[in-house]
Every structure is written in C-alpha cells, then in structure tokens.
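Grab a pencil and work through these exercises with the structure open beside you. Try each task before you read its solution.

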Amino acid sequence: MTLQLSGHNFKYELESVLKLFIPATRFSFCYDEVPFFTASDDYFFTRKKQLKSGALLYVVCNIHGKSARRAQVLKENISDYECELVLSRLLYLALSELFSIKPKWGIITGVRPVKRVNEMLENGCSEREIRDTLKERFLVSDEKVDIALKTAKTQRKALKTTKPDSVSLYVSIPFCPSRCSYCSFVSQSVDKAFNIIDEYLENLKREIEYTASIVNRLGLTLDTIYIGGGTPTTLSEKQLLSLMEKISQSFDLSTVREYTVEAGRADTITGEKLEVIKEMGAERISINPQTLSDDVLKAIDRRHTVEQFYKSYDLARNVGFKAINTDLIAGLPTDTVLSFENTINGILKLKPENITVHTLSVKRASNININAELSVLENPTDKMVEYATSALLENGYNPYYLYRQKNMVGNLENIGWEKGGTPSLYNIFIMEENQSIIALGAGASSKIVMKDKSLNRVFNYKFPLEYNKNFDLMLAKKDELEGYLSE
C-alpha cells in the first residue's frame, strides 16, 4: 500500500494515522505532485496546495475498490503543525468512512496521551477546555477523554512529590524460562542463554557499582528501584540474593520510596525467592498471569498453569509484600469476551493493590502471526477493555498510568489501576517523564530529564551476549550519562 505526500512532508504522523486502521503493515511512500494510481490500486493520497492566502488540504483514500475523500480550505496561513493536524483529521475521517469504525483515541497516536492532559492542567486549562480540545482537535471519544482525565487526576499527587536531585533506577534481567508468543521484548530463554547468565550478572554488578559511584559523587538521591525484564525470578535464589545485595551495598537505600521486583511468571516463583526479595528491601512485586484460562496460556506458549499462578500469589501474600501487581492482556489469541471477563472477575476476588490491563500489541518481533488485513480490526478486544474498565471502577480502582504502543489491537491502551492509594511511582515517573531514570543491563535505556525539561537518552547494548562482549564500552556510556546528570 502506498501513501503519497504532495506539497508537504508529514510522513510520520499520517503513517501513524493509517496504522490505526491497518496495523502491522508496511507502507511505501512517494512525493509526486499528482496522483499516479489507477482506480484498482490501493493508495492514500494526501495533498497540501498553497493558495494566495491559506491552503487547500485534501485526502483521497482508495482501498479494495472503495474510495473516500475529505477536504478543507484554510483561509489564512498557519503553522506546519496545524496543517499536519488538519490533514491527520481529514485522513482519519476518510478512513473511518471506508472501514466503518472510529478508533476511540482519534488522531492521538503518541505513547503518552495523559502527558498532554497533564501539560494542559499545568497551563491552567479547565477540565471543560481539556475535554473540548481532545474531542474537537484530536477527535478523541468521550470514553477515552474520561479515562485520560481520571488518570491525570490520580497522578497529580505523585508528580508533585519528586525532588530535583532524585533519580530512579531500572535494572534489566533479560531472561525468561521460555518466550511467550506475543513477546517482543529483548529477552532470551534460559535454555538458550544458560551459559552467559553468570557472566552477565557479574558484569551487571560491576555496572551497578560504577553507576552508584557516579550517583554518590553527584549527590543524587535514589527514589525508586525497578528490577524488570524478561523475568527477574528466572534467576536462582542465590543469584537474586547476590544481585540485590550488590544494589544495597552500592546505593544508599534510605531515601527509596518504592522498590519493585517483577516476578512475572508463576513457573519461576518459589517461596525462597520471595523471601530473598522481601528481605533485601523490595515491598512491591508483580505476578503476571496474563489470563486465567489454561487454554489461552497454551495458545500463547506461556508454560505455566492458572493453578500455579494462584499458588504463587498466595505465597507472595504470605511473605507480606505491601503491594502486588497482576498483569493481564486483552486480545490474546483464542481468548473470548466471556473468558476475559472471567479473568477480570477472578483477579478482583484476590484484591491485588495494582492491576495492569494491557491490550495486545501486534509486533513483527513476536511469534504471533496476525494477517494485517481489515479483519484485524474486527475483534472483541474493545469489549474486553470496556468490561475491565467498568469492573475496575466499580470495585474502587483508579487508573494511575496509561500508555499506548504501536500496532495495538483496536487502537486501545495499557492502563495501570490502583486501589487504596498504592500507585506505582516508578511507572508514573517513566510515563510522564518528570524524573531521570538510570537504566542498567542489556536492553536498558537511561532517560535523563534536563533542567529545561528536554530529554537525553543513553542506550545500553541490546542483547546479553553483546553486553558481555562490549562491557568496557558499557562503562564509557555511564560516563556519558554522568555528563548529562551533572548539567
């Protein structure tokens, strides 16, 4: 399929709008002045024609023999941003006519829609003004406007608590017992990576020690810690203890307000590992069933059972963690609205402090092979998310962070829910980008918030083997990070 851009270069945003309707698709691009397609071609023609005063903007969409077009005359000269916004709206409306659907986030295609809401609140906009902006300029549905505002309100208190000299720490354990079919994260199964784990951990501990010396030298304080992956509890009890001891020996943990370990998969969890995690200072843990259907677990190659999840959850409760999160995914292969509702209801009975409801994101790097034709959009995921939102609100949960990914089924979102005033500070900070995150390990990306609120990123090597082979250069990257932190 071809996207033609005539008289403008708004490629990224218009391609993003196209992918709201046709996810996981590669488009070709051309920049000719006039259409060169035949009536039988599938194409999307977008045009900005300069007038004496203002411009004519129009789009023509032709797919599977059906055509739709939209146009708008701008009577005065406006910025490129406004032109891009108008063309995006016109393309969205034409595609909505062709596909007979209206993606609920409208033309907002970015990862962090709530960040936009927080910025408007900071600038003194009223709730009414925010609603009007999201609905009229960005074509967002009432339902998504409501959830964005609710999320922003939950976040406000946490966002005001960050201190200028504070940072958070992310530690990457990019190993799993096996690779789930939907996964596109940088992670390796233990059976394929067994021989490099010990070397990886020794290097990671060296990186922890080296980074801590920078943090201490600059007089920074550690606010939150998040050990993620992969699946950190893929490590043995001894390996977990060694890693977490190195963190506590290297950093001053007296200022840490939240310490999370993502246990993830039930087939990696033991009582002994949970005791180590708790004793070493982590009070928040994630245990992620994704679904409470054994049939769906088999379909996604997730090699544990629902019964194992319940046992792991009970173990964590008995150990005494202050907050437990459970991750769920709407739209998994073979899942139905009814079985997803059963999953939500089953999790609610456990009363975890946090529940994160993800929407399946169709990634080329995953093993799920979904044909990205029009039928991709004809799925029950929207009903699943609607049910989850309604049930969680009715049970006293509040949304506290929200983000979106490319190629999400149904153009939906991931939402973290909390109850009893237990939102994850780390998740809020990384989504709203108001605190520097120092990231360690393979696949990790540090994000430094500068004084002018701009961001600088420092990327670690992506894969564990690459990380091990180039470890001396890894420490040089930490020197680069120190430069940003000291500005």
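**Exercise 1.** Which residues of the largest nonpolar core touch the most other members?

*Solution.* Keep in mind that this is a predicted model. The core has 118 residues, and the ones touching the most other members are Phe44, Leu95, Leu134, Leu204 and Ile227. Now look at where the core comes from: helix α2 (residues 80–99) gives the largest share, 11 residues. There's also a second, separate core of nine residues, with Tyr403 and Phe429 among them.

**Exercise 2.** Find the buried residues of helix α4 (residues 127–137) and work out why they sit on the same side.

*Solution.* Start with the list: Ile130, Arg131 and Leu134 are buried. They span an arc of only 100 degrees around the axis, so they end up on the same side of α4. Here's the background: an α-helix has 3.6 residues a turn, so residues three or four places apart point the same way. Next, check what covers them: α3 (113–122) and α5 (142–159) are included. Zoom in on Leu134, and you'll find Met120 and Val145 among the residues it touches.

**Exercise 3.** Classify the ring pair Phe175 and Tyr200.

*Solution.* First, take the distance: the ring centres are 5.3 Å apart. Then take the angle: the planes meet at 90 degrees, so the pair is edge-to-face. Phe175 belongs to strand β7 and Tyr200 to helix α6, so the pair ties together parts 25 residues apart in sequence. Both Phe175 and Tyr200 are buried. Together with Tyr467 and Phe471, Phe175 and Tyr200 form one aromatic cluster.

How values were computed: Residues numbered from 1 in each chain as written. Predicted model: local features only at pLDDT ≥ 70, side-chain atom pairs only at ≥ 80, totals over all residues. Heavy atoms only, no water. Buried < 20%, exposed > 50% of the residue type's maximum accessible area, 1.4 Å probe, protein only. Helix = DSSP H or I, 4+ residues; strand = E, 2+ residues; numbered from the N terminus. Arc of directions from axis to C-beta. Contact = heavy atoms within 4.5 Å. Core = buried A, V, L, I, M, F, W, Y, C linked by side-chain atoms within 4.5 Å. Phe/Tyr/Trp six-rings, centres within 6.5 Å; stacked < 30°, edge-to-face > 60°.
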